Amino acid sequence: MRKRTRHPSASAIRFTSHWPELRVLILVVSAEKKLTGSTVGMQTSVETSPLLKFRAEAVVPARMAEMIRHIKERNFQGFGQLTMKDSNQFHATCLDTFPPISYLSDISRRVIHLVHRFNAHHGQTKVAYTFDAGPNAVIFTLDDTVAEFVAAVRHSFPPGSNGDKFLKGLPVRPAPLSEELKAALGVEPTPSGIRYIIVTQVGPGPQILDHPHAHLLGPDGLPKPMP
């Protein structure tokens, strides 16, 4: 279980072969140091949040089983909705902490609204957000939705002077945004609200490396120098 019983997972499944269409978009809002560190925040929540205790005992076990089932069945509707609900409850435990902790920013909340309006326009869950202990959004979607959602993000958060470097990672073809979808998003554009987007896919997870040359660390436990 991850920090604060935060994110249901199914580590035994190899996503790259089981669900190759799954994509991950990281919407970078801020790289600034957090006011409350993850470790300190977790300790404070454990000590003061009744919701966290209830979540760990009564909510997470069932959600773990449900998430594993959605992933095995490649059911993006169920996977996406549960991912968002779990993210929301995680941040509810942060607010239930005393003193309260707020990791989300105004831009984070705008991303949440964007996702729900995008999905409502399509009449189904096509993208899903999750937030860890910070303001940056992690978006799950399928390959055939990436281009349109990136266009929606560009429309809602027009990039600044780094427009040519707004997208990093996997290539994304330009896609037009329909007037109907623009109207459905119904947001006042926030220039430079998103610094950049990293487009990637889910990796194979932790692996045991037997060959010493495959390791990034040397015998002293420190990173090897660049060749």
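Which side chain meets that of Arg 55 in a salt bridge? The partner is Asp 86, with N and O 2.8 Å apart. A salt bridge here is a side-chain nitrogen of Lys or Arg within 4 Å of a carboxyl oxygen of Asp or Glu.

This is a predicted model, so local features need pLDDT of at least 70, side-chain atom pairs count only at pLDDT 80 or more, and totals for chains, interfaces and linings use all residues. Residues are numbered from 1 along each chain as its sequence is written, and side-chain values use heavy atoms, with hydrogens and water left out.

**Overall layout**

- The protein has seven helices and five strands.
- Helices (H or I, at least four residues) and strands (E, at least two) are DSSP runs, numbered from the N terminus.
- Along the sequence, the pattern reads α-β-α-α-α-α-β-β-α-β-α-β.
- Of the 227 residues in the protein, 39% are buried.
- Buried means under 20% relative accessible area, exposed means over 50%, and partly exposed is in between (1.4 Å probe, protein chains only).

- Side chains of opposite charge can pair when their charged atoms come close.
- Six salt bridges turn up in a search of the whole structure.
- In the pair from the opening, Arg 55 lies in helix α3 (residues 50–72) and Asp 86 in helix α4 (residues 76–96), so the bridge ties together parts that are 31 residues apart in sequence.
- Both Arg 55 and Asp 86 are buried.
- Asp 86 also forms a salt bridge with Arg 63, where the closest N and O atoms are 3.2 Å apart.
- Arg 63 is in helix α3 and Asp 86 in helix α4, so this pair ties together parts that are 23 residues apart in sequence.
- Arg 63 is buried, as is Asp 86.
- Together, Arg 55, Arg 63 and Asp 86 are linked in a network of salt bridges.

- Glu 179 pairs with Lys 182 in a salt bridge, and their closest N and O atoms are 3.5 Å apart.
- Both residues lie in helix α7 (residues 179–185), three residues apart, which is about one turn of the helix.
- Glu 179 is exposed, because its relative accessible area is 55%.
- Lys 182 has 30% relative accessibility, so Lys 182 counts as partly exposed.

**A closer look at α3**

- Helix α3 has 23 residues and reaches 32 Å from its first C-alpha to its last.
- That is close to the 33 Å expected at 1.5 Å a residue; the expected span is 1.5 Å times one less than the number of residues.
- A kink of about 45 degrees lies at Val 59 in α3, shortly before the proline Pro 61.
- The bend at a residue is the angle between axes fitted to the seven residues ending there and the seven starting there.
- Buried residues in α3 include Leu 52, Val 59, Val 60, His 70 and Ile 71.
- Met 67 is found in helix α3 too.
- Met 67 has 1% relative accessibility, so Met 67 counts as buried.
- The C-alpha atoms of Met 67 and Phe 79 are separated by 6.2 Å, and these residues are twelve apart along the chain.

**How α5 meets α6**

- Helix α5 (residues 106–122) packs with helix α6 (residues 146–156) at an angle of about 130 degrees, and their axes are 11 Å apart.
- That makes α5 oblique to α6.
- Axes are lines fitted to C-alpha atoms, for helices over the stretch in contact, and angles run from 0 to 180 degrees between N-to-C directions.
- Angles under 35 degrees count as roughly parallel, over 145 as roughly antiparallel, 65 to 115 as roughly perpendicular and the rest as oblique.

**Backbone details in the loops**

- A cis peptide bond joins Phe 98 and Pro 99, with omega about -5 degrees.
- Pro 99 sits in the loop between α4 and α5.
- Arg 74 has a positive phi of about 50 degrees although Arg 74 is not a glycine.
- The loop between α3 and α4 holds Arg 74.
- Arg 74 has 46% relative accessibility, so Arg 74 counts as partly exposed.
- Ser 192 is another residue other than glycine with a positive phi, near 60 degrees.
- Ser 192 lies in the loop between α7 and β5 (196–201).
- Ser 192 is partly exposed, because its relative accessible area is 43%.
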